[in-house]
Amino acid sequence: MSEYRALNSDVKRILAIIWMAGGVAAFYSLVWPLLHGHGFSVPFAVLVLIIFTTVADLFPVTFEQGYEITVSNVFLIGAIMIFRDDPGKAAIVAIVSTLVWQLVTRRAWYKILTNVGLATTSVVAGSTVLSLVGWQDSTHFVFGTVLMLVVYFIADTVPLSGLLASLDGRPFEVAYVSNYAGVVLELVGIEFFGLIFYLVWSESPWLSVLFAVPTVILRQAYFQVERLRNDSLRALAAVSDVIENRDEMTHHHTQSVSTYARRVAERLRLSPDEIWQCTVAGQLHDLGKIAVRDNILFKPGALTDVEMELMKKHCHVGYDILRQFSNLEEVARLVRAHHERYDGGGYPDGIGGAQLPIGAAIVAVADAFDAMRTDRPYRKAMPMGRALDTLKQGLGTQWHPVVGATFIQLMLEDIAARPDEGPIVKLSNDAA
């Protein structure tokens, strides 16, 4: 209960809407027919589909950007088609399978209600559309099926994205695109498999048992691809953490830079891929420091020219490591350029202006700000106001003007949202 109480009012409001929608969907598909004299029965087919759907739910695939998908939609789409004359039976499959899955995994009560509500609403919405269009001929059946899949997708993804947007304090459209843009093909593929499942069932329900084999293969294909991607990222992140942990003063630096970079990229409304690249580049930007000796990395005073040249090589080293991974080629480019300046006076390539990747400019500002706000061997951490003034003074020269201004605005918003932590920082008038 305490976990639910800690949620903000916007999140609770969205949860209430999801629960209400699920309740209305259940009433419409189950209670309303009973009130109008329709009988109620649970045929063996419903039990079979509940088992299939529950097992599929218990083995999700976690994707790079943190979201999960399961192949349970194969059987929920199949249930909508199989019971197209009786959406209540499809609703029973959704309700019972989701409830069992949530109880087995010991989810909190409000998460159980939410997931049951989402599943019920999606299935009933899809069933209703299919019923309204009808299936009296092939044209109606095809059109109704396509429309059902679209409505199912919307009902399955939009409410959840609204919930995640409120939880993370992100714009809805950013949360929606970020969550689903990377798995659209996978989700469409799962829905397509649901149609194939229905066709197999129509020939013979007993043949549907054999459909478990291609469904497992589908799930394993997604799992293996994502495991390879996730394992490579985790390994690189672990190396980055080892480098960071060499110095207690910079502990959590990469995570902070990654978070700052993600927020700025979202505020600038970059594409989901670009947001992800900025986030990962922020986490791995110092990977190349594995090649920098401790006596240089932790030197308490200014570096000599020779030492500085050795330090600069960490951009090359990080780039050379990351470009070996096919899914990190763009991240490698950002890591290489995260010490470039907007005026072209940075390193290693001296690029600037329009040549400077926007993601690299974002990581550069995030890295500089967190470094200024952290104790270092050669100086103490700067106060917030001075760090922001430094950024403002460097807009258009050291830092990308739009990126830097956006970052400053985000920090001022953070400060304004926490009035109990001190007065709002005011930038000096001469920091133009």
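Does R336 count as buried or exposed? At 19% relative accessibility, R336 counts as buried, where buried means under 20% relative accessible area, exposed means over 50%, and partly exposed lies in between, with a 1.4 Å probe and protein chains only.

Before going further, a word on the basis of these values. This is a predicted model, in which local features need pLDDT of at least 70 and side-chain atom pairs count only at pLDDT 80 or more, while totals for chains, interfaces and linings use all residues. Residues are numbered from 1 along each chain as its sequence is written, and side-chain values use heavy atoms, with hydrogens and water left out.

Let me turn to the overall picture. The protein has 18 helices and two strands; these are DSSP runs numbered from the N terminus, helices being H or I of at least four residues and strands E of at least two. Of its 432 residues, 46% count as buried. Taking contacts, that is, heavy atoms within 4.5 Å, between residues at least 6 apart in sequence, 66% join residues at least 24 apart. The protein exposes about 21,300 Å², of which carbon and sulfur atoms supply 62%; this area comes from the Shrake-Rupley method with a 1.4 Å probe.

I now come to the charged pairs. Side chains of opposite charge can pair when their charged atoms come close. The structure holds twelve salt bridges, each defined as a side-chain nitrogen of Lys or Arg within 4 Å of a carboxyl oxygen of Asp or Glu.

R336 takes part in one of them, with D349, the closest N and O atoms being 2.8 Å apart. D349 lies in the loop between α15 and α16 (358-372), whereas R336 belongs to helix α15, so this pair ties together parts that are 13 residues apart in sequence. D349 is partly exposed, at 41% relative accessibility.

Helix α15 (residues 329-336) also contains both R333 and E330, three residues apart, or about one turn of the helix. Their salt bridge has its closest N and O atoms 2.8 Å apart. R333 is partly exposed at 40%, and E330 is likewise partly exposed, at 28%.

What separates D10 and R13 along helix α2? They are three residues apart in this helix (residues 9-35), and therefore about one helical turn. D10 counts as partly exposed at 42% relative accessibility, as does R13 at 47%.
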